[in-house]
Each structure stands twice: as C-alpha cells, then as structure tokens.
Amino acid sequence: MAREKQAEITIMEPLSPVSRLFVSPGFCCVIVFTLGFKTRCNSSAIVEGIKNTWIKLPRFSSKVVMDDKKNGEAVWVPVSVRVEDHVYVPDIDHSNITNPDQFIEDYTSNIANTPMDMSRPLWEFHVLNIKTSNAESLGIGKFHHSLGDGMSLMSLLYASSRKISDPNALPTTATTRKQVGSNDTWWLVARFLFMIRVIFTTFIELFKTLLTLCYMRDTKTPLMGKPGDRTGPRKIIHRIISFDDVKFVKNTMKMKVNDVFLGITQAGLSRYLSRKYGDEDPVTRKKKSLEETRLRGTIAVNLRPDTKIKDLADMMTKGSKCRWGNFIGVVIFPLWIKSEDDPLEYVRRAKTTMDKKKISMEALVLYGFIKFTMKIFGEKVVEAITKRVFSHTTLTFSNVLGPNEDISFFEHPMCYVGASALIGPQALIIHYVSYADKIIINLAVDTTVIPDPHQLCDDLIESLDIIKVSLLEKGLHKMEV
C-alpha cells in the first residue's frame, strides 16, 4: 500500500502556482524561439539529440491533467513520448518563396497563433531547411510557458550545445561582478541604512502596483492593447544588431547592458509615438502629447540566486542549485516617453529607474503574493488579478544574456538565437537576446493594434545609432590602445 501511494505521488506531480496560472483556459502562454544555423539542418540528428537530453526532463515527457481528486488541480502525468511526433520537417516548395525572410516570419507567427494540443507533452520543434538573409537553415521551437521560464528553457539550449572552439565544453556567458563589503563599523552602518532604504523603496513600489491593480491605467496610445482579455493575431519579427554597439554605450556611460536596452526602448518608443502623433496632431501639439503620456511595462525578473552556466546546464538534474520551472517575478517599470533633445537622457533615466527597482523586493513579494493567493483563493482569482495588471500596462519587456561565443546545437553550428514569450493581453512584447557578438531584438505584436512592427523595430535600432553618435560627438568615450 505504501508503495502504491509513493508511485501515485511520483506520477501526479502538481504544477507550481505560476505554471497553474499559465495553463488556465483564459491565460494560455507560449514561448517561441528561433535558432539560426550556419549549415543545413539534419532532422535525424535533432531527433536523436532531443532523445538524449530533453526527454530526460520529466516535464518534456508529461502532459497536464486536471486531477478530480484534488478539486481539478493541474498535475503533471508522465506519458510515453515519441520524439518524431514532436519534431516537424515541413515539405517546403522553394519555387514559390520569393522572400524567405517574410516566409519565416509568417511561419513563426502561424506557429505562435496556433493553440497547443493539451492532450500531450507541451512542446514541438520545427526544422526548416530554407536559406534566409541571416542563416542557412532554422529550427523553430514552441514551448508552453508552464514548462518553465526563459532561464529554464535557456538551460535546454546550454545542455544541448557545445563550444565550436571546444566540442567537449559547455557554452560560457558573461559574468556579473559582485561587490564585497568590508567588515568595519562604517560598513555595518551603511548596511543598516541600505536595509532601511530597501524597505522604504519596496513599500513605495508595492503601493504603486496596488494603484495599478485598482484603477491606474496607461494612457491610450497607438501601442496600447484593446480592452478585454483576448488579443488579435500575433506577429513575431526579429532583427539582429551588433553587441559591440551596446557595449560601447554601456562602457562609456558606466551602466549595465539592461540599462542600455531599456534606454533604447524608451528612445525608440518615443520616436514611434512622436511620428504617430505627428500624423494625427498639429506639430505644436506633438511634444505636448508625449509629455502627457503614461506608459509602463511589466518586466520579468529572474529570482534564482545562481545563474552560472554550469548550474543552468545542470538544471535538468536532481540536486541542481538552479530551480527548474517558473521562478520569476514581475516589476512595473515606468518608461520615459518624451521628446528629448539629448538622446543620452533616455539611457540615464532608464538607469535611474532601474537602480530603484534593483533595491526593491517588489518582484519577490509579488511572487509570494501569487503563491499565497493561488493557495487560498485558487487560479481564477490570480488570473483576474494578473490580467488586470497586464491590461493596465502597455508592454512586456525582458532580456536574456546568451552564450558569449559561437556554439553548436546538436552538432549544428549556430549563428543566432531569438525568442519571444507570448503572455497576457498586451499588444507589444519586446525581448532582447544576446548571442556571441550579436543582439537579437524580438518583437511580438498584436497586428490589429500595431500594424507596422517593422517600423517600430527600425525606430529601436535607429535610437541606438543616435545614442552612439551622440556619445562620439560629445567625446565622452575613452579611446582604448
């Protein structure tokens, strides 16, 4: 009898609170990623590689079932998986494709808009041997967000990849330096004052979140989603820029890569809205329209204490320091949407706001609040709260630092990786992903609200160029010998 109970516990693994939210009928969320390869793709090698790695992770060989014994609570149930049924190799008629890049955009968007079959494991991988302007072939994956967050799914890439320079070595990423304090009395005083500041800042940020939940809604702009739970068809696009340009701004202005991304986003959205308002309003009212705009984004925050490359690659094994699944929090970030004469101000403002968010425990508290509310009131209440926060803000933003050198995916040399997480009723989702010396800007938009996503992407790229030129003109950079 004891063995039967143990087997039942092993088989019926409950979903985490955040994963339960993602599988609720009115809140279906998926992650779509694109891998660009330097060579033609061998589908047999991909299938064999997945069998040796992904399938070892229980969630990739389980389906979601509502357990009647637990009041309909969602649980993971292991099933037999035939990898070939999840890997698709479409028969492409190349003679009818005049624009391969557009074909890939349409194909990726179609995958994103197609509902997932919840009666089987929630993942699929598409192999396309079609040459684009950036790759010789592509792999397009689609994962249900209940499987894990961006860091979890990035661990799949690391576990499935090796360095091209050393085929037996795992990929590497940029490391983050941690400050080490001294042990003198002044350090203890500074630490005490810092904790007071953390508590005060957390209280203020949580109060702003409460206002957003109750009534405070973003200004109606050409980027704001339509009222309601549902969104229109999503279109996914991506563009590749130089990581060196981003590092130049980062090093010159002495800030983090994430600060630069947020600065670029603020500048790009300001340019886009300025053009839109310029088409609708007289020129004299354009600047005033931007000044009166309240525009905020929800930013996903990784709550794991350890994100070293080996920990990520080992995340699929028991006893790993990194937690697999959805261990993310959310902060609400006010974007500086203004008509600035100095383009560097967008980056400075981004850093100032993000510095406040970094010392706040807003993301961790909200994650705990979701868990508590899910346990006491159930997913319906959590779903309503989450949708209200998303519907009162304009966009979702995130960035993921990928490998800092070229890698191979199941022995296929890669040239880039892009990813988009489709979540919530917002009309605009922006993700930045780094790969070696490249940054991939990924946009997922509701085309009924934003019919010109390529123009928006151009504005983001042009904003980076303008910021870089402004630094060069002002002579703020230091020449390296």
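Q: How many residues apart are E345 and R349 in helix 11?
A: In this predicted model, E345 and R349 are four residues apart within helix 11, which is about one turn of that helix.

Q: And what do their side chains do there, E345 and R349?
A: The side chains of E345 and R349 meet in a salt bridge, with 2.9 Å from N to O.

Q: Which salt bridge does E345 form with R348, and at what N to O distance?
A: E345 and R348 also meet through their side chains in a salt bridge, at 3.2 Å from N to O, and these two residues lie three residues apart in helix 11, which covers residues 344-359.

Q: Is R349 buried, exposed or partly exposed?
A: R349 counts as partly exposed because its relative accessibility is 33%, and R348, at 32%, counts as partly exposed too.

Q: Which salt bridge does D452 form?
A: D452 pairs with K276, the closest N and O atoms being 3.3 Å apart; this pair links distant parts of the chain, since D452 sits in the loop between strand 16 and helix 14, while K276 belongs to helix 8, 176 residues apart.

Q: Switching topic, what is the strand order in the open sheet?
A: The open sheet has seven strands in the order 5-6-7-2-14-13-8, with mixed pairing, and its edge strands are strand 5 and strand 8, each of which pairs on one side only.

Notes: Residues are numbered from 1 along each chain as its sequence is written. This is a predicted model: local features need pLDDT of at least 70, side-chain atom pairs count only at pLDDT 80 or more; totals for chains, interfaces and linings use all residues. Side-chain values use heavy atoms; hydrogens and water are left out. Two strands pair if DSSP finds at least two bridges between them. A salt bridge is a side-chain nitrogen of Lys or Arg within 4 Å of a carboxyl oxygen of Asp or Glu. Buried means under 20% relative accessible area, exposed over 50%, partly exposed in between (1.4 Å probe, protein chains only).
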